[in-house]
Amino acid sequence: MIDNLPTYISLTFGLTTIVTLLLFTWTIRNSKSEQTRKKTTPIFIGLTIWLSIQAVLTLKNIYNFETNTFPPKIILTGILPTILTIILLFVTSKGRQFIDSLPLKNLTYLNIVRIPVELILFWLFLNKAIPELMTFEGRNFDILAGITAPIIVYFGLTKTKLSRHTILIWNFICLGLLLNIVLNALFSAPSPIQKFAFEQPNIAILNFPFSWLPTFIVPIVLLGHLTSIRQLLKPKY
């Protein structure tokens, strides 16, 4: 836990994490495939267990203890497993069947969680838990993805006023925004690979509950974009 951090920041982030979990569960439940819909409860339970594991690791100070080890512990036991899971979804036939059945509207709506996340990052900066470059006053413009997501759903996927090409470009831009903040956060955290923000490193992600950002929320949003891009690139018959 971060000392002297206002309770409302942690509570708001915890709620945002729960909303992300529920939105992803809602996405699976609204799949066009009955086989995918049957996976809703097992996936919900699995993700809840994953969040619990990350909470325990963080509360036991695994991630913020001896931060000079390489690779950083949060990458090894928090981020890498999620990346490998995403890769498996795309390289296996059952995985591709699963992601191809997820509704594009719901995947796009997932991005609204980026609005509260950006507000929380700004609060963390004000409380000296992350550097300014990780906020919308610095190098982070990720909030734009959250603000525009409902617009893309309404005009692009409901009213069909926007072409698939436009929605595809939006996904690529928002994916770029996500990768931008991920890299800035990674190279700002205390570790052997830290490149900047030495005066105020990114200590938040090494503490509970904010470790859920790189180990859960970011991978979910990343999966959403990659899945959307895959679906939009496939020929529509």
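This is a predicted model: local features need pLDDT of at least 70, side-chain atom pairs count only at pLDDT 80 or more; totals for chains, interfaces and linings use all residues.
Helices here are DSSP runs of H or I with at least four residues, and they are numbered from the N terminus. Residues are numbered from 1 along each chain as its sequence is written, and side-chain values use heavy atoms, with hydrogens and water left out.

Let me start with Thr27, which is found in helix H1, residues 7-29. Thr27 has a relative accessible area of 0%, so it counts as buried, where buried means under 20% relative accessible area, exposed means over 50%, and partly exposed lies in between, with a 1.4 Å probe and protein chains only. Setting aside residues up to four places away in sequence, Thr27 touches Leu102, Pro103, Asn106, Leu107 and Leu110, a contact being heavy atoms within 4.5 Å.

Now to the charged side chains. A salt bridge is taken as a side-chain nitrogen of Lys or Arg within 4 Å of a carboxyl oxygen of Asp or Glu, and by this rule the count comes to 4. Which parts of the chain does the pair of Arg230 and Asp100 tie together? These two side chains meet in a salt bridge at 2.8 Å, N to O. Arg230 lies in helix H10 (residues 212-233) and Asp100 in helix H5 (residues 93-100), so the pair ties together parts that are 130 residues apart in sequence. Lys234 also forms a salt bridge with Asp100, the closest N and O atoms being 3.3 Å apart. That pair links Lys234, in the segment after H10, to Asp100 in helix H5, 134 residues away, and salt bridges that share partners join Asp100, Arg230 and Lys234 into one network. Within it, Asp100 is buried at 17% relative accessible area, whereas Lys234 is partly exposed at 38%.

Another of the salt bridges pairs Lys38 with Glu34, with 3.9 Å between the closest N and O atoms. Here Lys38 is exposed, at 61% relative accessible area, while Glu34 is partly exposed, at 49%.

Notes: Helices (H or I, at least four residues) and strands (E, at least two) are DSSP runs, numbered from the N terminus.
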